[in-house]
Amino acid sequence: MKALSTQQKNFLYQNLVHGKARLFAKPLYDLLIGGILWANRAVDLLSPKDKADISELTIIIKTFERPYAVRRLVASIKRRYPSAQIMVVDDSQQPQPIDGVENLNLPYDVGISAGRNAALDQTDTPYFLLLDDDFVFSRRQNLGLLLKQMQQHPEIDILGGRYIDLPFYIMHN
């Protein structure tokens, strides 16, 4: 059976989750996606940690008023890369520091650009990985490969990755 296209998935999502069939379809859709995510998380927990040397990389996370999201991301990174250098930049009204990472608290609501620039000013590694606070790492992240590509090809200034967009469960490159 051929996989559904992005357009087909969007159509199904719009019609089943937001359309007339939502009373019975949305709970089924949520259950299906929840099951897929649970299964992936179970495999992630059993997967070995990545032993790549990523000491030349700082992971920067900008957050605002979403402590649950940034804690989930940091925990997922630490599961895969326990020694990763992580900097959390928070311009929330009441920033909540996270143990085991560098916390950079900024004035309330300075914005994403000011936050990211402040983090870059504090970063002393040659490479950085910029993340949104609602990302989650899985066993598929390979920071060692990312860093190796950057080191072997100094003409490269930026690398992108692949992510899965929920609730559509659509993979983007």
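This is a predicted model: local features need pLDDT of at least 70, side-chain atom pairs count only at pLDDT 80 or more; totals for chains, interfaces and linings use all residues.
Strand β1 (residues 57-63) and strand β4 run parallel, joined by six bridges. Strands pair here if DSSP finds at least two bridges between them. Residues are numbered from 1 along each chain as its sequence is written, and side-chain values use heavy atoms, with hydrogens and water left out.

**The two faces of β4**

Strand β4 covers residues 127-132. Its covered face has Y127, L129 and L131, while F128, L130 and D132 sit on the uncovered one.

**The whole chain**

How many helices and strands are there in the chain? There are five helices and six strands. Both are DSSP runs numbered from the N terminus: helices are H or I with at least four residues, strands are E with at least two. Read along the sequence, they come in the pattern α-α-β-α-β-β-α-β-α-β-β. The C-alpha trace spans about 50 × 40 × 30 Å along its principal axes.

Of the 173 residues, 31% are buried. Buried means under 20% relative accessible area, exposed means over 50%, and partly exposed is in between (1.4 Å probe, protein chains only). The accessible surface comes to about 11500 Å², and carbon and sulfur atoms own 56% of that. These areas come from the Shrake-Rupley method with a 1.4 Å probe; for residues, only the protein chains shown count as cover.

Now for contacts, meaning heavy atoms within 4.5 Å. Take those between residues at least 6 apart in sequence: 65% join residues at least 24 apart.

**Some buried residues**

T63 is in strand β1. Is T63 buried or exposed? T63 is buried, at 2% relative accessible area. Setting aside neighbours within four places in sequence, T63 is in contact with V70, V88, V89, D90, D91 and D133. With D133 there is also a polar contact, side chain to side chain, at 2.6 Å. A polar contact is a pair of N or O atoms within 3.5 Å; within protein, one must be able to donate a hydrogen and the other to accept it, and residues adjacent in sequence count only if both atoms are side-chain atoms.

L106, in the loop between β3 and α4, counts as buried at 18%. Beyond residues up to four places away in sequence, L106 touches V89, D90, D91, A114, G115 and A118.

**Salt bridges**

Side chains of opposite charge can pair when their charged atoms come close. A salt bridge here is a side-chain nitrogen of Lys or Arg within 4 Å of a carboxyl oxygen of Asp or Glu. The structure holds five, including these:

| Pair | N to O distance | Relative accessible area |
|---|---|---|
| R80 and D50 | 3.8 Å | R80 14%, D50 17% |
| R66 and D134 | 3.8 Å | R66 29%, D134 39% |
| R116 and D132 | 2.7 Å | R116 23%, D132 30% |

What do R80 and D50 join? R80 forms a salt bridge with D50. Because R80 lies in helix α3 and D50 in the loop between α2 (22-46) and β1, the pair ties together parts that are 30 residues apart in sequence.

R66 forms a salt bridge with D134. This pair links distant parts of the chain, 68 residues apart: R66 is in the loop between β1 and α3, D134 in the loop between β4 and α5. R66, D133 and D134 are linked in a network of salt bridges.

The side chains of R116 and D132 meet in a salt bridge too. R116 is in helix α4 and D132 in strand β4, so the pair ties together parts that are 16 residues apart in sequence.

Most residues other than glycine have a negative phi. E65, though, has a positive phi near 60 degrees, and D109 has one near 55 degrees. E65 sits in the loop between β1 and α3 (67-80), and D109 in the loop between β3 (102-105) and α4 (112-122).
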